[in-house]
Amino acid sequence: MKNRFSFIIVCLLILSFVLSSCVSVNNTINAPDTNNNGSNIGSTDDTIPEPEPEPEPEPEPEPEPEPEPEPEPEPEPEPEPEPEPEPEPEPEPEPEPEPEDQNKYPEPTTTPEGFGLVPESAAVDKSYFDDAAFIGDSISLKLKTYCLNGSLGKAHFFTVGSFSTVNALKPVSSDSTHPSYQGTKMLAEDCVAACGAKKVYIMLGMNDLYYGIDATIKRYKTLISRILEKSPDAEIFVQAMTPMRKDSRVWGSKLNNTNIRKYNAALLEMCKENSWYFIDIQSIMWDEAGEQMRLDYCSDAGSGKMGIHMSTKGCKAWVEYLLTHTVDFSETDEETDNEVDTDTETDTENNTENGET
């Protein structure tokens, strides 16, 4: 009996040990992994942790809306086309001049011969030109610049580049070549009338000889007639055309020194026929050989250059020539006054004889 009881107790101890081992193993199997949360392995905490919720996926960013295309600018309305200007009627071609007789125009001389050529005289005061007007092209334009210091008194200058007897007779327009008076473009004859000039000095030809000598003389007469129509008391002084350099780039079959001499001779004859005065300024502009303009009187000498315009020295010589080649109109005025007085006396005598008082 005692041995059986001891056997039972041993069996109960063994069973208790086995059960205890099973519980330990079970706890070990069911224990959570605590490596990542700081807990010790083998913890006897029977609480099974709830699984952590999976993180919600981040919402994908909404795609940015495509920018709306900028509206295309409305096309500007096309300007209405300007009406095309009516074409100017083409000038009728001038008849071809007949071949000129080489001996038709005598060489001008500096020796006074007959009416027209103004001889040398005592130098006058520059105030002589206070009532004078100068008409010309770019040659005279150089003289105008030189006389800004009053070398020719208060003379008016109606000069413009490329001026000629051709465009002098054309009407004034926005693109025409005409001189101006007090800022207003005018016909040459209107400029003279507006300033009240009593002496009119004209030099034209450098832009005319392409048309021939005869045609130029004809237009010259027309221009002077128009001037005298509006200024009947004006005295006309025609200045000779000045020579050019032989290497001038505008030298040609018509514009050359041979034709310039012929043209000046024709101008002298024109003045004699019409009781106008001729100023032979070209006579002092030739070189010693008489073949071309003096080099020191030319401002644009040299191959390929114009070779026609005056230097300061040339303009000085020009002014000195004008001051020593004048006409004294005071004697003419006295003669006119005497004629009026004589006529008055005669009328008085006749009235007395007829019993009139």
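User: How many of the five residues of strand 5 (residues 199-203) are buried?
Analyst: Keep in mind that we're looking at a predicted model here. Check strand 5 one face at a time: Lys-199, Tyr-201 and Met-203 sit on one side, and Val-200 and Ile-202 sit on the other. Both faces are covered. Strand 5 is largely enclosed by the rest of the structure, because the number of its residues that are buried is five of five.

User: Which residue in strand 5 is the bridge partner of Ile-135?
Analyst: Start with the strands: strand 1 (residues 132-136) and strand 5 run parallel, and five bridges join them. Ile-135 has its bridge partner in strand 5, and that residue is Ile-202.

User: And on to strand 6: which residue there is the bridge partner of Tyr-201?
Analyst: Strand 5 also runs parallel to strand 6 (residues 235-239), with four bridges joining the two. Look in strand 6 for the partner of Tyr-201, and you land on Phe-237.

User: What is the handedness of the β-α-β unit made by strand 5, helix 5 and strand 6?
Analyst: Follow the chain from strand 5 through helix 5 (residues 213-230) and into strand 6. To call the hand, you point the strands away from you and trace the path over the helix; clockwise counts as right-handed. For this unit, the answer is right-handed.

User: Is Phe-134 buried or exposed?
Analyst: The cut-off you need is simple: under 20% relative accessible area is buried, over 50% is exposed. Phe-134 has a relative accessible area of 2%, so call it buried.

User: What kind of aromatic pair do Tyr-128 and Phe-129 form?
Analyst: A search of the whole structure turns up 10 aromatic pairs. For Tyr-128 and Phe-129, the ring centres are 5.1 Å apart and the planes are at 80 degrees. Planes over 60 degrees apart get their own label, so this pair is edge-to-face.

User: What about Phe-129 and Phe-134, what kind of pair is that?
Analyst: Their rings are 6.2 Å apart, centre to centre, with 35 degrees between the planes. Both residues belong to one aromatic cluster, with Phe-157, Tyr-201 and Phe-237 among the other members. The Phe-129 and Phe-134 pair is tilted.

User: How many disulfides does a search of the whole structure find?
Analyst: Take Cys-315 as an example: it counts as buried at 3% relative accessibility. The closest cysteine sulfur to its own is in Cys-147, and at 7.3 Å that's too far for a bond. Over the whole structure, the count of disulfides is zero.

User: How far apart in space are Ala-123 and Thr-324, C-alpha to C-alpha?
Analyst: Ala-123 lies in the loop between helix 1 (2-30) and strand 1, and with a relative accessible area of 60% it's exposed. Leaving out residues up to four places away in sequence, Ala-123 touches Leu-323 and Thr-324. Ala-123 and Thr-324 are 201 residues apart in sequence, yet in space, C-alpha to C-alpha, the distance is 4.3 Å.

Definitions and conventions
Residues numbered from 1 in each chain as written. Predicted model: local features only at pLDDT ≥ 70, side-chain atom pairs only at ≥ 80, totals over all residues. Heavy atoms only, no water. Disulfide = S-S within 2.5 Å. Buried < 20%, exposed > 50% of the residue type's maximum accessible area, 1.4 Å probe, protein only. Pairing = 2+ DSSP bridges. Phe/Tyr/Trp six-rings, centres within 6.5 Å; stacked < 30°, edge-to-face > 60°. Contact = heavy atoms within 4.5 Å.
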